[in-house]
Amino acid sequence: MVGFAGHQGKEYLPIVRETADVVAGVDPAPAATSLADEWGFPHYDVLGEALAKVDFDAAVVTVPHNEHFPVCSQLLAHGSHVVKEKPFAVTEHEARQLIHQAQRADRGVLTLLQRNFNPVFRFARENLARIGDPYWFSYDYHFNLAHPTTGWRASREQAMGGVLLDMGYHLIDVLSGMFPEPEPLRVHSAFVHQYRETRDRRLEDLVGLMCSYPSTGLVGSLRISRHHHEKTEHLCVLGTEGALNVTPGAATLHSVGGLPLERYVWEGPKTDAVRSMIAHHLGHLDDRSYRQEHFRRQLAAVRTIDGIYRDRSPERNALADRCA
């Protein structure tokens, strides 16, 4: 477990132990030693020391965004499978490097994205064809934080992006699973900063996207923020024969005109989806076809997000100003 003393690591740790033996933890945080003692495994501050002293099959990685690539690259070079928190990578270049390293080592790099194991989102994917040809979607995902972002997500050097990379990765991945697209998405974006400090650090508090799929003509919008008036997530897809509405707890199919046709409700705890996700990934580490499909989908998500950030980079904007 790499990064086990953080919020996400502490959530995953007891669930990982239901499926696998945790033989060591790596985390330099002051609280890591006592947590490792509590759970009964050796603790290391530095990954290299753990690699030299511990035999293991796979590593679960939950670290700040800037550490994802170097940590995963080091693990792959050691011959370990990797099961990691999102994003798969921060840039397309890093994603392609990771895929190359994983294929060369015959190892998996699998990303922890809980919506893929939420029964509501599975119902939505399996029943999407019932609304005919999709032509429009809207996807809103908001937190209702009352104060500016804190912790490593407030650091440009560690977070490497705002809500698009952090929260938006989940949404882009959902869309990649529902609407596979051989060509890159066409995206227009608007970044908004509620706080001066996040503006100065180039960590967007809100992002709005207009997306289009060249091969099908499907278009849609995404809105993602941390400081909404309520915490909410809602996906709506309109098709030629009806509509599909999805929240984390329920999915509803509608006919043209709005009559509900079928409603699927899931009231299970979040831990059920997490448990299914971790067990599934650990059980498919040696499945090459599963790994290849995972690489394809994650590369699409990374490429989309990286492209949006690159289009909005200060260097590119400065060049546009000079050209104008």
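Strand 4 (residues 81-85) runs parallel to strand 5 and is joined to it by four bridges, where strands are DSSP runs of E of at least two residues and helices are runs of H or I of at least four, both numbered from the N terminus, and where two strands pair if DSSP finds at least two bridges between them. Within this pairing, E85 stands opposite L112 in strand 5. The two strands belong to an open sheet of three strands, with the order 3-4-5 and parallel pairing. Its edges are strand 3 (58-61) and strand 5 (109-112), each of which pairs on one side only. On average, neighbouring strands of this sheet are turned by 20° against each other, direction ignored; axes here are lines fitted to C-alpha atoms, for helices over the stretch in contact, and angles run from 0 to 180 degrees between N-to-C directions. Helix 12 (residues 288-311) packs on the sheet, touching strand 4 and strand 5, and its direction makes about 60° with that of strand 5, contact meaning heavy atoms within 4.5 Å.

This is a predicted model, in which local features need pLDDT of at least 70 and side-chain atom pairs count only at pLDDT 80 or more, while totals for chains, interfaces and linings use all residues. Residues are numbered from 1 along each chain as its sequence is written, and side-chain values use heavy atoms, with hydrogens and water left out.

The largest nonpolar core holds 69 residues, and those with the most contacts inside it are F88, F137, F179, L222 and L244. Such a core is a set of buried Ala, Val, Leu, Ile, Met, Phe, Trp, Tyr and Cys residues joined through side-chain atoms within 4.5 Å; buried means under 20% relative accessible area, exposed over 50%, and partly exposed in between, with a 1.4 Å probe and protein chains only. Helix 12 gives the most to this core, with seven residues. Apart from it lies another core, of 22 residues, which includes L13, F41, M277 and L285.

F137 also takes part in one aromatic cluster, together with F179 and Y213. Leaving aside residues up to four places away in sequence, F137 touches a set of residues that includes L175, F179, Y213, L222 and V237. Which aromatic pairs does a search of the whole structure bring out, and how many are there? The search finds eight, taking rings of Phe, Tyr and Trp (its six-membered ring) as paired if their centres lie within 6.5 Å, with planes under 30 degrees apart counted as stacked, over 60 as edge-to-face and the rest as tilted. One of them is F123 with Y264, whose ring centres are 5.2 Å apart and whose planes stand at 15°, so the pair is stacked. It links distant parts of the chain, with F123 in helix 6 (residues 119-127) and Y264 in strand 13 (residues 260-265), 141 residues apart. F123 is buried, with a relative accessible area of 8%, whereas Y264 is partly exposed at 29%.

F179 and Y213 form an edge-to-face pair, 5.8 Å centre to centre with 70° between the planes. F179 lies in the loop between helix 9 (168-178) and strand 7 (186-192), and Y213 in the loop between strand 8 (206-212) and strand 9 (219-225), so the pair ties together parts that are 34 residues apart in sequence. Both F179 and Y213 are buried.
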